Amino acid sequence: PAPNVIREQASQLHHPLLPTIRFDPKQGLTPDEAAVLAILINPSLRAVRDQRQAASAQLLQAGILPNPQLAYNADFVTGGDTLGTFNAYGLGLSWDIISLLTHDAKVQAARAQAGSVQLDIAWQEWQIAEAAKTAAYDLVAIDRQLDLAKAIDEKLAANVKILQRAVDQHQRSIIDLAAADAAARDAHAAVLALQQQQGHQRLMLLRALGLPASTPVKLRPDIPLPTALALPSEQALNAGLATHRLDLIALRAGYASEEQTLRAAVLAQFPNISIGYNQASDTSNVHTSGIGVTIDLPIFDRNQGAIATERATRQRLFDEYTNRVFEARSDVAIALADIRAITAQIADARAAIPALQRLVNTYKEAYDRGNADVISYYTAVTDLQQHSLNVVKLEQSLADNRAALELAAGWYFPAGGSAATRPAVRIPAAGATTAPAIAPATHPAKGGRP
């Protein structure tokens, strides 16, 4: 859709978990905008949303009472002693009154099921949104890694040219040039690998958004990767599962629907009763009127099969709900543990970069004085390069785990992590003389309502 159409649709989007987003396509997409955009245009959600119409149709059908039955028969005098006889007829109107007993339960079951479908759709929208948001952060991280790798590649390529001139002037040995060339080739190989990852991740983002592979997509250039997260405690997250996890709320609504369906099946044990009005005339032209009642005799079929099926379905929903709560709590615990570990690793890795930078500068100075070999210098350069890339990868992993926690807890956590800039990485040239710079709190009893 056109940008103005997307802005209008986004302003009218009311999702229980996603915040309201104001799009500005000129500046590029943010991860949150990518999440909302995926909900608006991802084609995989169209078939999911079609379930709403089916649920509405079921609710409509549940509220409709059965039609009355009209019966008519005619008997014609065709032979015999026909003197003074008339054609006979019979007219009857009947209606199944037992449907009134199960009507309310069926309507409540269909209404709860429609609510469950709506919540399940919102849950699937939330999953699509998180996938797009994660894909956007992954692309941002790869772009940052590629920018860093390109800077290192350019610096090391320049080093090779400097050393080549030094070798030509017999100021450096061929070993120094070979070491510089090997380091430059490794750096260029890293650039090529990251370019391949960038292209792949861009396609993954387009897929998550629901856009064709040839669609140009632009991300906002100033998107920060998180370095630390301020999150609720595990106890608060677990306590809020029942009210934040849309799939758990949907399961509870589905359970309520099944409760009413079971109630309707139990009420259907009553024998089927039809009451009607009859009017007839026999061949002697005697007219009669009366009422009729038809009652099924529940000797064999007392709706046992339907009741057993609905009870088994209700138990399955309860067990599924219990298992989903268990998995959600486990996912929350795992995500929080990973976030704490990654946060500590980011802090340690960022603190180590200045020391590695000083080590590179020291080796450079020692190498220029002839007090260090070129292999040690480029080993330090490679360590600094890899460490700098690892910082970005850790920040990417932290963003991914935040998305995993949002999915597990059913909460939206704003991107409010530290916006501190990454320490600058400088690699001095080897030939230069100076170095440049919805579950309840307790489980119900078995068979009860979750």
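In what order do the 4 strands of the open sheet lie, and is their pairing parallel or antiparallel? The order is β1-β2-β3-β4, and the pairing within this open sheet is antiparallel. At its edges lie β1 (69-75) and β4 (287-295), each of which pairs on one side only, and the twist from one strand to the next averages 15 degrees. The structure is a predicted model, in which local features need pLDDT of at least 70 and side-chain atom pairs count only at pLDDT 80 or more, while totals for chains, interfaces and linings use all residues. Residues are numbered from 1 along each chain as its sequence is written, and side-chain values use heavy atoms, with hydrogens and water left out.

Strands (E, at least two residues) and helices (H or I, at least four residues) are DSSP runs numbered from the N terminus, and two strands are taken to pair if DSSP finds at least two bridges between them. Between β1 and β2 (residues 88-96), the antiparallel pairing extends over 7 bridges, and glutamine 69 has serine 94 in β2 as its bridge partner.

Among the helices, α1 (residues 3-12) contains glutamate 8, which is partly exposed at a relative accessible area of 48% (between the limits of under 20% for buried and over 50% for exposed, with a 1.4 Å probe and protein chains only). The C-alpha atom of glutamate 8 is separated by 72 Å from that of phenylalanine 76, 68 residues apart along the chain. Helix α10 (residues 374-409), with 36 residues, reaches 52 Å from its first C-alpha to its last, close to the 52 Å expected at 1.5 Å a residue (1.5 Å times one less than the number of residues). Glycine 410, with a positive phi near 75 degrees, follows α10.

Note on methods: Axes fitted to C-alpha atoms, helices over the stretch in contact; angles between N-to-C directions.
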